[in-house]
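I opened the notebook to look through this structure by topic. My entries follow.

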Amino acid sequence: MMGMKMKKSDIAIMVITILIASVLFYRAGYVPPKVIEEEPIEKQIPQENLTVQKPPEPPSSFIIPSRRTLTSIDEGCHYKSILINREWWYFSAIFNDSSELDGWGVMISFNHMAYGDLFGQFKPDLLTVVLYDDSGNVYGGMKNDFRGTLKATTPGVDVKFENSWAEGEYPRWHVHAETRDVGYTEHTVVIDLDFFAHALPIWTFNTRLFNESKSKFASYVILGCEVSGQVTIDGKTYSVGGTGFHGHSWSPIYLRKFLIGGWDWMQVRLSNGWVLYISKFYPSSKVVASINPFGALIISTGGDSVTEFKIFDLEPKTSEKIFLFTKFPTRFYLSAKKTHNVLLERIDLTMSLDIKTISTYQKVWKFPTYVGFKVGKCAVNGSISWLDGGQRISVDLDGEGNVWITRMLP
C-alpha cells in the first residue's frame, strides 16, 4: 500500500534489479560508455611564424567626409543646367593575368563638349572607345558628332552615344561600347564590362563644401574598381577582368578654351596592389605665367585610406610634335614631396616616377580647331619613401595604367 514503508529487503531487491538491468543494457549497447575527454595537446608553433610582416604603407592623408560622399544626383547629368556646358563620364581598365587579354587596357569616355572646345567643328558631342595591348596594337578611336547624339539623364549614370552606353549607380556600373560608333572599321570590337567599387569616391576638385552636385566646376574619381566582363574581337569573345577607374567631371560656361592649354590624366595599377591617380591641368600661354598648374596626385593602398599630394611636378621628358609649337609628351618625370602631415608631424614623404606611353591612339583636329588627344597605355617605375618613427622607409614602385593627354592652342 502507498502509505506503507518499504522493507529493507525490498529495497535491496530493487537495487540489485537495477544493477543487473544496467549491465544487460550496457552490453546490449543501449547505454553508451562514458567518454573521458582528454586535454588537447597544444601544438607548438615556431615563434617566427607568429609574426606576419605587414607591407609598409605611406602616411595617409586626412580627407574631410564630404569629399568621400556621392549621391545618385552627383552621378547624373549636369549639362542641362544653363551654366554648365561641358561634362565627361569615363571608364578605364587594365586587365590582369586572370584575363584572356592579360596586359591589355581600355578607355571609354562619353563627352559633352562646349561648342568652342572644338572650334570650327560644330560637332561637340564626343565618344572615345579605345582598346590596346602592350605591343603597339590599338583598336577603336574617337568620334565627335552633332549636339544631341550624346544623351544623358539623372539620377545615376545613364549616358548613351549611338549604340554605346553606360548605366548604374555607385558602387556598380555596366558599360557597353562598340568601335563602329567611333568610325573604326578595320576590326569589329564590342566591349561589355561590369565595374564594382570597393572604395569610396573622392572629389578631386569642386566649388562647394557640401552638396557638390551644385558645384559649377567639379570632378570625382573612384579608384581601384573590380572589373569583369568580355571583349569580342571579330566574333571571338575573350573573358576579361582587372582593375578599373571611373571618373565624372563638369565645368561652367565661363571656363573657356583660351584659359586652358591642356591636361594629363593617368590611372595606374601598381604591381604591389596599390593604385595611382594623376590629374594635371595647364593654363594657356595667354594666361599670366605666374599661375601654377593645378591637379591631384592620389595613392590608394587598398580600402579607403589614401595619400594625397596637392603640389607636384609632372615634367615632359620626350615629346612629338602635333601642330605648330605644340607637342604630345611620350615620357614624363613625376616628383612630389610632403614634409608634414595634418598633425604637423614630420614625415618627409617623397615620390619619383618615370612614366612612358606605350600603345596609344591619337586624334588631332588641325586648322582651325588645333586640339589633340592622345589615349592609351603607360608604364611606370620609381619609388616612394617616408619617415616613420625617425626611420626612413622606401618602397619601389612599378606598374601599368591608362593615360589621356590633351593639348590645344587658344
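Which residue lies over the face of phenylalanine 312? I looked it up in this predicted model. Lysine 280 does, at 3.9 Å from the ring centre of phenylalanine 312. I then found lysine 338 over the face of phenylalanine 309, where the distance to the ring centre is 5.6 Å.

**Aromatic pairs**

I went on to ring against ring. A pair of aromatic rings is described by the distance of the centres and the angle of the planes. I counted 18 aromatic pairs. I took tryptophan 104 with tyrosine 139: the pair is stacked, with 5.8 Å from centre to centre and 15 degrees between the planes. Tryptophan 104 sits in the loop between β1 and β2 (105–112), and tyrosine 139 sits in strand β4 (residues 138–145), so this pair ties together parts 35 residues apart in sequence. I checked burial too: tryptophan 104 and tyrosine 139 are both buried.

I next looked at tryptophan 203 and tyrosine 220. Their ring centres are 5.0 Å apart and their planes stand at 65 degrees, so I noted the pair as edge-to-face. Tryptophan 203 belongs to strand β10 (residues 202–205) and tyrosine 220 to strand β11, so the pair links parts that are 17 residues apart in sequence. Why do I call these two buried? The cut-off is under 20% relative accessible area. Tryptophan 203 has 1% relative accessibility, so it counts as buried. Tyrosine 220 has 0%, so it counts as buried as well.

I also noted one aromatic cluster, with Trp88, Tyr90, Phe205 and Phe217 among its members.

**Strand β12**

I turned to strand β12, residues 236–252. Is it mostly covered or mostly open? It is mostly covered, with 14 of its 17 residues buried. I then traced its partners. Strand β1 (residues 84–95) pairs with β12 in the antiparallel sense over 11 bridges. In that pairing I find glutamate 87 opposite tryptophan 250 of β12. Strand β11 (residues 218–233) also runs antiparallel to β12, and 14 bridges join them. Here glycine 229 stands opposite valine 240 of β12. β11 and β12 make a hairpin with 2 residues between them. In the turn, aspartate 234 has a positive phi of about 50 degrees.

**Cavity**

How many cavities of 30 Å³ or more does the structure hold? I found 1. The largest cavity has about 40 Å³ of space. Its lining includes Arg68, Leu200, Leu223 and Ser300. By class, I noted 5 nonpolar, 2 polar and 1 charged residues in that lining.

Notes
Residues numbered from 1 in each chain as written. Predicted model: local features only at pLDDT ≥ 70, side-chain atom pairs only at ≥ 80, totals over all residues. Heavy atoms only, no water. Buried < 20%, exposed > 50% of the residue type's maximum accessible area, 1.4 Å probe, protein only. Helix = DSSP H or I, 4+ residues; strand = E, 2+ residues; numbered from the N terminus. Pairing = 2+ DSSP bridges. 1 Å grid on protein atoms, 1.4 Å probe; cavity = no way out; pocket = protein on both sides within 12 Å on 5 of 7 lines; lining within 4 Å. Points joined across faces, edges and corners; volume = space filled by probe spheres on them. Nonpolar A, V, L, I, M, F, W, Y, C, P; charged D, E, K, R; others polar. Phe/Tyr/Trp six-rings, centres within 6.5 Å; stacked < 30°, edge-to-face > 60°. Lys NZ or Arg CZ within 6 Å of the ring centre and 35° of its normal.
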